[in-house]
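Student: I have a new chain on my screen and would like to go through it with you. Could we look at it together?

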Amino acid sequence: MTLLQLKYIVTVAAAGTISEAAKQLYIAQPSLTSAIKELENELGITIFKRTNKGILLSAEGEEFLGYARQVIEQTNLIEERYLGKTPVKHQFCVSTQHYSFAVEAFVELLKQYGGEEYDFRIRETQTYELIEDVAKLRSEVGVLYLNSFNEAVLRKTMRENDLKFHRLFIAKPHVFVSTFSPLAKKKIVELDELATYPRLSYEQGEHNSFYFSEEILSTLESKKDIMVSDRATLFNLLIGLNGYTICSGVINEELNGKNIVAVPLAVDDYMEIGYITHSKVRWVNLELCISKL
């Protein structure tokens, strides 16, 4: 296995076809196909599945691609640092539950470490997909929360995928409401005061278990439930319908707007906000990125 072969794999995966990758790499298509086949034979895995419509990454290939990208990225950093090569386009991906503070941290990360060229990505996504992103090395970091209700299930899922959880901070439960809501004027909100208001939550797709919910107390009954898939829609509905969502209470007026406020919720619970990483992966520049989260 060579660095060149790893570069071939990364390029083919990005290009989507062998022919396009061959053009980008300035080599003949048969030579590229042969190099990939040799690597697959050496490793005893199938990286790409050949179909009538082109090639697709296999499950093994998707995992291998994550490791290949890691090696290429670290090699680029070494060459840039010690061989004086032109700075490379730095790459970094974060998958997160729908937290505005994660977006704020991502902005600061780009400002400080982006450089002249970069390919940084942030995915606000469902909890299970977030875990899967880090497990399959599509993302270096995943941001989520644990509490007494979901911790056993999520930690088991993380162990099964060789993931580690790192605590960032402990947050007390709050509700996000519109400044126009009667609840916005309260110093603290009781659970029974929420009964007449619509409850907004993030949908979790195929893994719509209470354990994967982004909101604590998700098992409590609610007369009015609305599920959404993105943060902008949730905030618009908070304002338009006088709804609420249960959250960490961390809010940024510049990102969330002036019409959303966080009010403490009178419950004996907590949200342990943290990030997950793959236990088998060591990223040279990961600590710099995490410091911004």
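Tutor: Here are a few questions and answers about this predicted model.

Student: Are helix α2 and helix α3 roughly parallel or roughly perpendicular to each other?

Tutor: Start with the helices themselves: α2 covers residues 18-25 and α3 covers residues 29-43. Their axes lie 9 Å apart, at an angle of about 105 degrees. Angles of 65 to 115 degrees count as roughly perpendicular, so α2 and α3 are roughly perpendicular.

Student: How many residues in the contact of α2 with α3 are charged?

Tutor: On the α2 side we find Ile 18, Ser 19, Ala 21, Ala 22 and Leu 25, which meet Gln 29, Leu 32, Thr 33 and Ile 36 of α3. These divide into 6 nonpolar and 3 polar residues. The number of charged residues is none.

Student: What separates the C-alpha atoms of Leu 56 and Val 177?

Tutor: Leu 56 sits in strand β2, residues 54-57. Val 177 is 121 residues away along the chain, and the C-alpha separation is 44 Å.

Notes
Residues numbered from 1 in each chain as written. Predicted model: local features only at pLDDT ≥ 70, side-chain atom pairs only at ≥ 80, totals over all residues. Heavy atoms only, no water. Axes fitted to C-alpha atoms, helices over the stretch in contact; angles between N-to-C directions. Helix = DSSP H or I, 4+ residues; strand = E, 2+ residues; numbered from the N terminus. Parallel < 35°, antiparallel > 145°, perpendicular 65-115°, else oblique. Contact = heavy atoms within 4.5 Å. Nonpolar A, V, L, I, M, F, W, Y, C, P; charged D, E, K, R; others polar.
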